[in-house]
Amino acid sequence: MREDLEALIAEFQTLDAKKTQVIESSCPPPSPRLNGSLSAHPEKDELILFGGEYFNGQKTYLYNDLYVYNVRKNSWAKVEIPNPPPRRCAHQAAVVPTAGGQLWIFGGEFASPNGEQFYHYKDLWVLHLATKTWEQIKSSGGPSGRSGHRMVACKRQLIVFGGFHESARDYIYYNDVYAFNLDSFTWSKLAPSGIGPAPRSGCQMAATPEGSVIIYGGYSKQRVKKDVDRGTLHTDMFLLRAEGAGKEEDKWAWSRLNPSGVKPTPRSGFSAAVGPNNRSLLFGGVHDEEEEESIEGDFFNDIYFYDIVKNRWFPGQLKGPKSEKRKRRRGRQAEAEDAGDDELEKRPPQGPVEIVKEVVAEDGTIMTIKQVISGPGEEKSESEEEEEEDGALSQQVEPCPRSNAMLAVKHGVLYVYGGMFEVGDRQFTLSDLYSIDLHKMEEWKVLVEMDPKAQEWLEESESDEEEDDVEGAEGGEEEEESSEEESEDEGGEEQHPPVQPAEKHADYLARTEQYWIKLARSNMGPDAKEKKVVKVAHAMVKAFYEDAV
């Protein structure tokens, strides 16, 4: 089986080898993906996106495309460079400023199209940004093949920690540490003293200004009995410190950190980056409730900061824009609106529940059919028309809750690209791009909206495929989280059956019930119980009707 994957990888590389020159072309935003890498160019106003994966319900796609996003022009370019690393996801990328900038890539995984076989890479590559050339660095003694590991550039070294390896029969999680010397191009396995983190993947890893490394959180699973695994969400934190001065920096020591402040709630699949003022940050993720039969995920879109110097966590809270211009434009509504702003500031940073318009059926099933909400209250303010003309002044735009997104920070601005969330058995992969100024923490900006037409979901059984064809472009539209910033005048009313003038709730329900049941069924998957589907459909109708009248 491994041979099959190696043959597939070799075939892709043969195709890549036919490219002999660098071709850079402007392009629309990249297709939906998760588990790629987004890195800030050390010299230019650019972000570099490499790799990632996409799953449409039947088939897994892996990428080795290279895209460059210009933060000044809000434009994308695809850069085809000969002999790139083979397709992969869940790899790591680190940027160093040497020689006009270098992007280093290590490890990751390739999956068979049916998503059941995995090949884990242990190769190391460097993209020379000035000359636009890929180079594979062959050096022995490095980490074994893995994905979900973490890598940071620390002084003149790349430090790699953790990750996992999965085969058809078994899996293993790692807590080993390796250093790659950027001057001698050699690997060394570190043997730190002290008690370090338990094996894990998907943790947060950041370098401190002094050349130490912090590790927070992560995920691992253990086999408790035959065919039964138990997942662990780690919430502990460690410092890996280089002891000794000068050249003797190969003595390392683990110590446990006990930070103060408000720690992130337990989660996996979060994304991490380093912001200004010695603060590392994490965004989003998912907390899975593992039931007997299934896993229900609670997805997040919050930010937590860790102050490396003060050893303190705190949640990122939006202050809301405060410009004079905005106050002038609002005129007589200013006071009422400002009262709303204060409420927004007091809103706990905690969760997607208060940020996203969610519908909860009586049995607790949650469906999201609206993404942007106006203010913290359910009822709309009197100045609703004025707001819409003025670009929805009081509306808080934010990325929908998600896991496995790609993050980068440039000029103190955090960029969040893609990722995924789940509803029932269905996975939505995103291709939107948001930014927020970390110095001001006022508001999120939408740079690329989610394209609902990019959402496709193919059921495994044939009986559902006809239905899928009917939904077609609506595939991602019905669950409005996937249609970023679903605006009043654009998609919602056209996609869902509109409420007729003076139509009562009961009449609307009777007229459109079958549409909503089909919608709920397509979101919840073929295995959901009919009673539950109807409940969710009715809850969606209620929310949509109340929103429309």
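**Loops, cysteines and a helix pair**

Analyst: Happy to. Asn311 sits in the loop between β21 (295-307) and β22 (312-315), where strands (E, at least two residues) and helices (H or I, at least four) are DSSP runs numbered from the N terminus. This is a predicted model, in which local features need pLDDT of at least 70, side-chain atom pairs count only at pLDDT 80 or more, and totals for chains, interfaces and linings use all residues. Residues are numbered from 1 along each chain as its sequence is written, and side-chain values use heavy atoms, with hydrogens and water left out.

User: What is phi of Asn311?

Analyst: Most residues other than glycine have a negative phi. Asn311 is not a glycine, yet its phi is positive, near 55°.

User: Is Met441 buried or exposed?

Analyst: Met441 is found in the loop between β29 (426-437) and β30 (444-448), and it has a positive phi of about 50°. Buried means under 20% relative accessible area, exposed over 50% and partly exposed in between, with a 1.4 Å probe and protein chains only. Met441 has a relative accessible area of 6%, so it is buried.

User: How many disulfides are there?

Analyst: A disulfide is a covalent bond between the sulfur atoms of two cysteines. Here a pair of cysteine sulfur atoms has to lie within 2.5 Å to count. By this rule the number of disulfides is zero.

User: Which relative accessibility does Cys400 have?

Analyst: Cys154 is buried, with a relative accessible area of 3%. Cys400 counts as buried too, because its relative accessibility is 0%.

User: How are α8 and α9 oriented, and which hand does the crossing have?

Analyst: The axes of α8 (residues 505-524) and α9 (residues 530-548) come within 7 Å and cross at roughly 125°; they are lines fitted to C-alpha atoms over the stretch in contact, with angles running from 0 to 180 degrees between N-to-C directions. So α8 is oblique to α9, given that under 35 degrees is roughly parallel, over 145 roughly antiparallel, 65 to 115 roughly perpendicular and the rest oblique. A crossing is right-handed if the near helix is turned clockwise from the far one by less than a right angle, and left-handed if anticlockwise. The crossing of α8 and α9 is right-handed.

User: What share of the residues of the protein chain count as buried?

Analyst: The chain's secondary structure comes to nine helices and 30 strands. Of its 549 residues, the share that count as buried is 52%.
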